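Me: Please take a close look at one part of this structure for me. I would like to follow the strands at its core and the spaces around them, step by step.

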Amino acid sequence: MPGDKLNHTAMADAIRFLSADAVQKAKSGHPGMPMGMADVATVLFSKFLKFDAATPDWTDRDRFVLSAGHGSMLLYSLLYLTGYSGMTQEQIINFRQAGSITAGHPEFGHAAGIETTTGPLGQGLATAVGMALGERMLNTRYGDDLVSHFTYVIAGDGCLMEGISHEAISMAGHWKLSSLIVLFDDNQITIDGATDLSVSDDQIKRFKASGWDTRSVDGHDYDAITKAIAAARKSNKPSLIACKTVIGFGAPNKQGTSKVHGAPLGDEELDAMRKNLDWSHAPFEVPDDILAAWRSVGAQGAADRTDWETRFAKLDEAARGDFIRAMSGDLPEGWLDILNEHKKRVSEEQPAWATRVASGEALAAIADHLPELIGGSADLTGSVNTRTPTMTALSANDFSGRYIHYGVREHGMAAVMNGLALHGGIIPYSGTFFVFTDYMKGAMRLSALMEQRVIYVLTHDSIGLGEDGPTHQAVETLASLRALPNFRTFRPCDGVEAAECWAVALQSSDAPSGLVLSRQGMPTLRIYHTEENLCARGAYVMLEADGGFEARQATILATGSEVSIAMEAREILQKEGILAAVVSMPCWELFDEQSDEYRQSVIGTSKARVAVEAAVRMGWDRYIGFHGGFVGMDSFGASAPAGKLFEYFDITATAVVREIKARL
């Protein structure tokens, strides 16, 4: 039967040979880690992991994250062996080939059972912290009958060297995430050689210092692994199990060396490995009895799933509906009407808010109507306006709070938000200063790659933040985010646009969003209410030239705080008899998705086009043309009051007028 000592070795060897054979056929990959951790994985899947391969998206399944994503064949082998639909022998054979679901590193969405994209080391560990946190939050909301599961991670030396690991383990320890268990592949080998070339950390002491339960075991001792995981499951803290393994276990001439880390074993070594482990089967062949044992493992969670479904069916219709809606990512009814009412009030009252304040006001209007909306910040709550008046803070003693104090851990914060989104039932958002996206970029890129609804509130967006100076003044960051595929960068110009951008971000179930917001106040420009969300088209004519489109002689394009500068320039030009239109472009990505006809109606036909933005020009030429005018930054900023800086760098209405005239 699955999990007994007799079958354990053969079941683990099936993982080893599938992994080694696949890497050999692909002529690339990392066989050593799957071979070394095969025993640990076999114990975990056969004895502890709660899952049903026939129903892989069951919401109360345990989550398994392969943070050491280079060892992807470990995961693919497990999914094939346990019977996940779609993970066929053919897919294993086509490892790393075009069109296969078995990519070089696990990619979320390619196959059921891949809980998150991993490969950038440390990201999986940090994302798993978010998953474990999500489990605790939803357990508090829905109770043990609906949400009670573990999150398991296999991490390697590289994962623990990356800086994000410190942020992740610190947060997990602080929140006492007892449902998180990390299995550390302690093989002491990296690509360059032994780990003592570059690191001498005592990982047990390191994790213990962050509030974790820790233990160390022989990673090839079935009983020891079993006892360690069983003990970890009973802990009231997150757990680290350092599994002392031999990388490339079974390859007699290369095991325990860096030669098996990131390269195929070679035919000669594979033959020697088959003799060494008494495995007489052809490449990719798994004997019927071993495959049957693994398939039994894949089905043994069906009873847990059936029990869960029985409990779920006993709930009243409203409770079932709320759970299904939240876990599917659908938004509740009525929230958009509330946001539109807020938008209407802003047009009527015309406050001179900074857009960071406008963002906070939009959140305050809708947060109570979106219970799955979970906020936070990287120790900048008062500056980024992400906590609404009714939100309470989450803590290790109370997971009902909807506001997370992430501390000064931007990178970890972003990865945790990915984990919250992937877990389901939560729409995460959090804030920091715009320039610090550089600290978060690795996790933000994964948000986009995995098509997750994660919302980044990014304030203090330009030289407009003033005296903090060039270290905090983003000039190149807009171009960087706009270059990221499947990421929506919003830069609203006032309270109305801020509300509209929030609406689009919340409705973007398959893409992350960044709301780029000002520190300084600015006038309300959208003074006439529209039910239509104009920002949803990415760009629109804020104010057409007198006489209409046909009379337009010039077009001024702008985002954020510079839209008001564009409006001032239009007024000057108008007095001089030059008919110009102002276009607000809060989201380039959405504008690029519009029809050619619509984009032409916005940008116009005149060659006299000028863009104004307190950032570098990169990217603007597709809208203004190579010979178009640009008023913005071509250097780092400086420390001075904001108004003085706009004058110093000549980001003014006068400069816009000058550029327009030069092109007429």
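Reply: Keep in mind that this is a predicted model. Let us start with strand E2, which covers residues 151–156.

How many of the residues of strand E2 are buried? The count is 6 of the 6, so strand E2 is largely enclosed by the rest of the structure. "Buried" here means under 20% relative accessible area. In a regular strand, side chains alternate between the two faces of the sheet. Now check each face of E2. On one side sit Thr151, Val153 and Ala155, and they are buried.

Next, the partners. Strand E1 spans residues 63–66. E1 and E2 pair in the parallel sense, over 4 bridges. Strand E3 spans residues 180–186. E2 and E3 also run parallel, joined by 6 bridges. Here threonine 151 has leucine 180 in E3 as its bridge partner.

Phenylalanine 64 lies in strand E1, and phenylalanine 45 lies in helix H3 (residues 38–48). These two form an aromatic pair of the edge-to-face kind. Their rings are 5.2 Å apart, centre to centre, with 80 degrees between the planes. The pair links distant parts of the chain, as the two residues are 19 residues apart. Are these phenylalanines buried or exposed? Phenylalanine 45 is buried, and phenylalanine 64 is too. The structure as a whole holds 22 aromatic pairs.

A search of the whole structure finds 3 cavities of 30 Å³ or more. The largest cavity has a volume of about 80 Å³. Phe45 and Phe64 are among the residues that line the largest cavity. Others in that lining include Leu49, Phe51, Pro56, Leu79 and Tyr84. Arg61, Asp62 and Glu115 line it too. By class, the lining of the largest cavity has 7 nonpolar, 1 polar and 3 charged residues.

What is the volume of the second largest cavity? It is about 40 Å³. Strand E1 gives the largest share of the lining of this second cavity, with 3 residues. Phe64, Val65 and Leu66 are among the lining residues. So is Ile114, along with Thr116 and Thr118. The lining of the second largest cavity divides into 6 nonpolar, 3 polar and 1 charged. Notice two names in particular. Phe64 lines the largest cavity, and Phe64 lines the second largest cavity as well.

The lining of the second largest pocket divides into 6 nonpolar, 5 polar and 5 charged residues.

For contrast, look at the largest pocket. Its volume is about 740 Å³. Of its 33 lining residues, the closest to the centre are Met327, Ser328, Ala421, Leu422 and Gly424. Helix H13 (302–313), helix H14 (317–328) and helix H18 (410–423) are the elements that give two or more residues to this lining. H14 gives the most, with 5 residues. By class, the lining of the largest pocket has 15 nonpolar, 10 polar and 8 charged residues.

One more sheet is worth a glance. It is an open sheet of 6 strands with parallel pairing, in the order E9-E8-E10-E11-E13-E12. Strand E9 (403–405) and strand E12 (488–490) stand at the edges, each with a single partner strand, so one side of each is left without a neighbour in the sheet. The twist averages 20 degrees from one strand to the next. Within this sheet, E10 (residues 427–433) and E11 (residues 455–459) pair in the parallel sense over 5 bridges. Threonine 432 stands opposite leucine 458 in E11.

Technical notes. Residues are numbered from 1 along each chain as its sequence is written. This is a predicted model: local features need pLDDT of at least 70, side-chain atom pairs count only at pLDDT 80 or more; totals for chains, interfaces and linings use all residues. Side-chain values use heavy atoms; hydrogens and water are left out. On a 1 Å grid over the protein atoms alone, a cavity is a set of points where a 1.4 Å probe fits but cannot get out, and a pocket is an open set with protein on both sides within 12 Å along at least five of seven lines; lining residues have an atom within 4 Å of a point. Grid points are joined across faces, edges and corners, and a volume is the space filled by probe spheres set on the points. Ala, Val, Leu, Ile, Met, Phe, Trp, Tyr, Cys and Pro count as nonpolar, Asp, Glu, Lys and Arg as charged, and the others, Gly among them, as polar. Two strands pair if DSSP finds at least two bridges between them. Axes are lines fitted to C-alpha atoms, for helices over the stretch in contact, and angles run from 0 to 180 degrees between N-to-C directions. Rings of Phe, Tyr and Trp (its six-membered ring) pair if their centres lie within 6.5 Å; planes under 30 degrees apart count as stacked, over 60 as edge-to-face and the rest as tilted. Buried means under 20% relative accessible area, exposed over 50%, partly exposed in between (1.4 Å probe, protein chains only).
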